[in-house]
Amino acid sequence: MKQYEIVKKKVLTPEISQISVYAPLIAAKAKAGQFIILRVDGEGERIPLTISSAENDLITVIYQKVGATTLALDQLNEGDCLHDFVGPLGEPTHVDGYGRVAVLGGGLGCAIALPVAKALHEAGNQVDLIGGFKTKDIVILEEEMSKACTNLYICTDDGSYGFSGFVTGKLEELINSGVKYDHVFAIGPLMMMKFACKLTEKFNIPTTVSMNPIMIDGTGMCGGCRLTVGGEVKFACVDGPDFDGHQVDFDEVIARNATYREFEAERKRDHLCRLGGGALNG
Amino acid sequence: MANMQMTKTPMPEQDPQVRNHNFLEVAQGYTPEQAVNEAQRCIHCKNPACVTGCPVGIPIPDFLAKVAEKDFAGAYEILSNANALPAISGRVCPQENQCEGKCVRGVKGEPVAIGRVERFVADWAAEQGLANVATAPKNGHKVAVIGSGPAGLTCAGELARMGYSVTVFEAFHTAGGVLTYGIPEFRLPKAIVAREVDNLVKMGVDIELNMVIGKILTIPEIFERGYEAVFIASGAGLPMFMKIPGEGLVGVYSANEYLTRINLMKAYKEGAETPILHNKKVAVVGGGNVAMDAARCAKRMGAEVHIVYRRSEAELPARAEEVHHAKEEGIIFDLLTNPVSIEGDEKGHVQSMTCIRMELGEPDASGRRRPVPVEGSEFKVDVDAVIMALGTSPNPMSTKGTEGLEKTRKGCVAADESGKTSLEGVFAGGDAATGAATVILAMGAGKHAAKSIDEYIKSKQ
């Protein structure tokens with residue numbers, strides 16, 4: 001196998017795919033909660049993706065085709081090589097000695113919640129994994145998630161499968177039914193993490209969030225991934241990506257992550273044009 | 001008889017009003033005639049002070065003498081034996097504080113333009129396809145270098161020349177460190193950095209990209225792989241901020257981020273995959289070389305640019321030439337001014353910055369007069385971006401998992417002048433050891449470390 005070769009590729013939904021990349025040195029070190037940065041080609045942007053699993057010399061990541069770079073990534077198939085693949089970056093998630101925990105995964109965030117839940121479970125914690133999706137058709141990783149926890153609860157926004165409503169709704173239901181959580185992990189879209197933290201703050205349950213700010217080098221040089229935590233500047237690549245969710249200034253991160261939204265939309269349109277009209281509907 | 005012309009032979013430059021719209025190199029280099037004319041200004045002092053001012057100890061009068069005789073190949077041999085990266089140092093050294101600052105010709109009139117002649121010789125050699133890549137036969141010893149910036153590249157080059165097998169681990173996808181991500185194209189073309197890196201590869205140096213030491217491998221693991229010494233040259237780390245309100249707004253950049261987007265990721269080019277904001281009015285806070293680089297980049301991206309600096313012009317830490325070039329290009333200097341807060345609009349985008357006037361008081365620990373706020377002098381300026389160029393704090397990443405490595409009070413790797421650290425076989429130099437400094441000081445540290453690594457490995461036999 002060649003360096004950074006895509007050894008396996010699996011389409012999970014029309015929008016989400018999973019690739020396993022040959023990177024033995026990274027695979028030997030990677031722990032739950034860490035991420036890699038990749039570039040598709042020599043002109044490409046550096047994008048961070050959280051490690052979904054690391055075994056047998058392979059790093060698996062799951063991506064959603066949201067922008068030009070992930071669309072370009074999706075053009076590669078088994079046997080193709082990525083141009084660059086760097087990691088494992090960030091600090092691993094702390095998993096020891098909590099007791100009973102709830103892990104919340106939102107959509108693609110489930111791909112990150114899965115290894116965290118698995119590591120927490122293997123470390124002897126009792127793990128309730130709550131995975132939320134918009135609708136039944138795009139539920140991913142259900143089987144893998146069920147093996148990685150004590151209880152799995154799938155939620156759908158439209159009620160087409162499992163609990164009807166958001167993951168925060170399910171969590172609140174569980175808490176109200178008398179489940180005592182020692183810690184909550186919320187992993188997913190910023191809005192989901194923000195509201196999960198509002199809820200757990202009410203019940204006074206310590207909560208860890210996995211932050212995904214804009215990032216360039218990922219090695220503690222550029223400072224692009226900074227966020228305010230408890231009134232102090234922190235860097236997701238060095239101090240994170242996990243932070244105390246009750247201390248994070250979510251509104252600031254939400255605004256900062258939208259910095260290049262117009263540019264990204266334009267690049268995506270350009271990219272789809274290059275791929276041909278058919279993809280525009282895809 | 002020396003050429004007694006009182007001033008430096010001028011170097012052709014792009015017109016300021018043209019170059020502030022492009023990223024092509026500003027200074028275009030001497031012609032052979034100009035280089036010879038300038039080299040002839042050296043009066044060959046019996047005890048040349050210039051050499052004592054050079055961190056890498058180039059025998060300056062010797063190479064100038066060769067240039068004066070039009071023996072450019074001879075000049076290149078002398079220069080490249082002492083300095084692994086002459087095309088780079090000729091462009092970015094603060095010569096006025098080093099060799100040229102000590103030049104006797106500078107007492108009456110201007111010093112010899114040593115940097116310009118150095119650059120000429122290096123560029124001439126490259127045009128001729130000359131590269132000083134001769135090495136001693138391989139001695140069978142392996143050394144690892146962490147970081148491919150000026151300290152790492154210099155150390156690797158020196159060791160390769162002595163016959164060592166050297167591996168350089170670089171965290172980024174391109175080698176060069178600050179030479180690649182930090183210093184802009186118009187001051188140091190990336191093709192020149194790539195050429196110097198290629199020369200090291202020709203000398204047998206192995207450069208491994210995408211290797212974040214401390215994460216993928218720790219320093220103890222590097223030793224387990226058969227390396228006998230490690231040189232930590234991982235550079236400076238995270239950018240500092242002012243801790244004023246509004247630094248989290250959209251449009252507040254660290255200079256490192258702004259420059260990395262432009263220089264490494266080529267965000268200034270049409271069609272680049274990496275985005276950057278195109279601002280109308282930018283404040284760059286700070287007065288060092290990095291501030292000048294960021295300001296001149298922002299100008300080229302089409303903005304009105306202000307340098308906001310809390311002391312006066314005399315205290316600006318940037319190279320004199322950078323300040324001069326920035327002014328020529330239309331950068332506005334708001335001196336004795338300090339930001340107090342940054343204000344945003346309803347979407348969280350930078351809208352204005354409130355500043356306070358400063359005056360100089362008594363000298364502080366740095367020997368410079370301390371800037372003191374003038375009470376009640378706050379005023380607001382409309383800006384849509386603020387770039388913080390305030391220096392950096394040490395990056396803790398590369399030394400993770402390395403027990404017993406002493407750090408300084410500021411968090412840098414503690415190393416003596418020869419690069420030795422508290423751990424046997426581990427050496428450090430450049431910004432990783434000193435905190436943010438200059439390219440040439442890092443090169444000097446790389447050179448000294450190579451010497452001590454050689455002595456260390458020989459002493460073990």
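1. In chain A, A:V11 has A:S17 of strand β2(A) as its bridge partner. Strand β1 (residues 6-11) and strand β2 (residues 16-22) of chain A pair in the antiparallel sense over five bridges, and four residues lie between them in the hairpin that they form. Strands count as paired if DSSP finds at least two bridges between them; strands (E, at least two residues) and helices (H or I, at least four residues) are DSSP runs, numbered from the N terminus.

2. This is a predicted model, in which local features need pLDDT of at least 70 and side-chain atom pairs count only at pLDDT 80 or more, while totals for chains, interfaces and linings use all residues. Residues are numbered from 1 along each chain as its sequence is written, chains are lettered from A and ligands numbered from 1 in the order in which they are written, and side-chain values use heavy atoms, with hydrogens and water left out.

3. Chain B contains an open sheet of five strands in the order β3-β2-β1-β4-β16, with parallel pairing. Strands β3 (206-208) and β16 (426-428) of chain B stand at the edges with a single partner strand each, so one side of each is left without a neighbour in the sheet. Neighbouring strands are turned by 20° against each other on average, direction ignored. Angles run from 0 to 180 degrees between N-to-C directions, and axes are lines fitted to C-alpha atoms, for helices over the stretch in contact.

4. Within this sheet, strand β2 (residues 165-169) of chain B is joined to β3(B) by three bridges, the two running parallel. B:T167 stands opposite B:D206 of β3(B).

5. Helix α9(B) lies across β1 (142-146), β2 and β4 (229-232) of chain B, and runs at about 165° to β2(B). The axes of α9 (residues 150-162) and α17 (residues 439-460) of chain B come within 7 Å and cross at roughly 35°. Residues in contact (heavy atoms within 4.5 Å) include B:L159 and B:M162 in α9(B), and B:A450 and B:I453 in α17(B). The residues of this contact divide into eleven nonpolar, two polar and four charged.

6. The largest nonpolar core has 72 residues, and B:V67, B:F231 and B:I453 are among those with the most contacts inside it. Helix α17(B) gives the most to this core, with nine residues. Such a core is a set of buried Ala, Val, Leu, Ile, Met, Phe, Trp, Tyr and Cys residues joined through side-chain atoms within 4.5 Å, where buried means under 20% relative accessible area (1.4 Å probe, protein chains only).

Conventions:
Ala, Val, Leu, Ile, Met, Phe, Trp, Tyr, Cys and Pro count as nonpolar, Asp, Glu, Lys and Arg as charged, and the others, Gly among them, as polar. Buried means under 20% relative accessible area, exposed over 50%, partly exposed in between (1.4 Å probe, protein chains only).
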